[in-house]
Amino acid sequence: MSNIFTRMVNSLTADVNELLDKKEESNPIKMLNQYLRQCEQEVEKVRQLVERQYRLKEELKREYAEAKRFYDKRAHQVEVASRAGEVELYDFALAEKNQYEERVARLETAIAEASKQLDELEFKYAEMKHKLKNMQLRRLELMGRENIARANQRINFVLDPEQKAQGKAGAKFEEMEYYMNRLEKKVETDYIRQTIDARIEELENKEKNNESNLTP
């Protein structure tokens, strides 16, 4: 059983970087997600096996407690039958006592082995969970780098004159920039025009006032 779970852990500790560095793969995030789903399934299988091993250990402990109780009971009956000289009862109680004694010893060994196996499983399970968490963090890091790469690609696409001429996104960006420049110039021209009109009107009013003052 130990070898089985060792192989499981080894499969989860495969070098993810080698998996992602394959140039022929066009979508490393998709590939990593698929790989992580497989790992999550393996971790879940181990979790279920750990729980099953724990239940088996508890069942063995219950069987041990029952066998020990009957062993103590038959041991007492052997003494009673011996003192009373009841040979037939003595032989029956002694045979039963020996059977339960053997069962108790067998169950003690089974419980010790089950406890050892459970400890190994729990250790492997914890190791697998840590490895899975590390790979999930690795995925987040990779997604962050991919997002930055795509963002930079889009930025270069709309800012690079050579690339702008090759795509609609760049053309739209350039059109918007041209429109904003035109709007800015129009606002500036309107402001100057309004300022000139106001200044001329002020001069005309001043001129009329001077003429009024000169008229007798």
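A contact is counted where heavy atoms lie within 4.5 Å, and among contacts in the chain between residues at least 6 apart in sequence, 68% join residues at least 24 apart. The structure is a predicted model, in which local features need pLDDT of at least 70 and side-chain atom pairs count only at pLDDT 80 or more, whereas totals for chains, interfaces and linings use all residues. Residues are numbered from 1 along each chain as its sequence is written, and side-chain values use heavy atoms, with hydrogens and water left out.

The secondary structure consists of six helices and zero strands, assigned as DSSP runs numbered from the N terminus (helices, H or I, at least four residues; strands, E, at least two). Of the 216 residues in the chain, 22% are buried, where buried denotes under 20% relative accessible area, exposed over 50%, and partly exposed the range in between (1.4 Å probe, protein chains only). The chain exposes about 16800 Å², of which carbon and sulfur atoms supply 51%; these areas come from the Shrake-Rupley method with a 1.4 Å probe, and for residues only the protein chains shown count as cover.

A search of the whole structure finds eight salt bridges, each defined by a side-chain nitrogen of Lys or Arg within 4 Å of a carboxyl oxygen of Asp or Glu. One of them joins Glu 59 and Arg 62, with the closest N and O atoms 2.5 Å apart; these residues are separated by about one helical turn, because they stand three residues apart in helix H3. Glu 96 forms a salt bridge with Arg 74 at a closest N and O separation of 3.3 Å, and this pair links distant parts of the chain, with Glu 96 in helix H4 and Arg 74 in helix H3, 22 residues apart. Glu 96 is partly exposed at 21% relative accessible area, whereas Arg 74 counts as buried at 12%. Within helix H4, Lys 97 and Glu 101 lie four residues apart, and their side chains meet in a salt bridge of 4.0 Å, N to O.

Cys 39, found in helix H3 (residues 28-84), is buried, with a relative accessible area of 3%. Although Cys 39 and Lys 129 are 90 residues apart in sequence, their C-alpha atoms are 9.5 Å apart in space.
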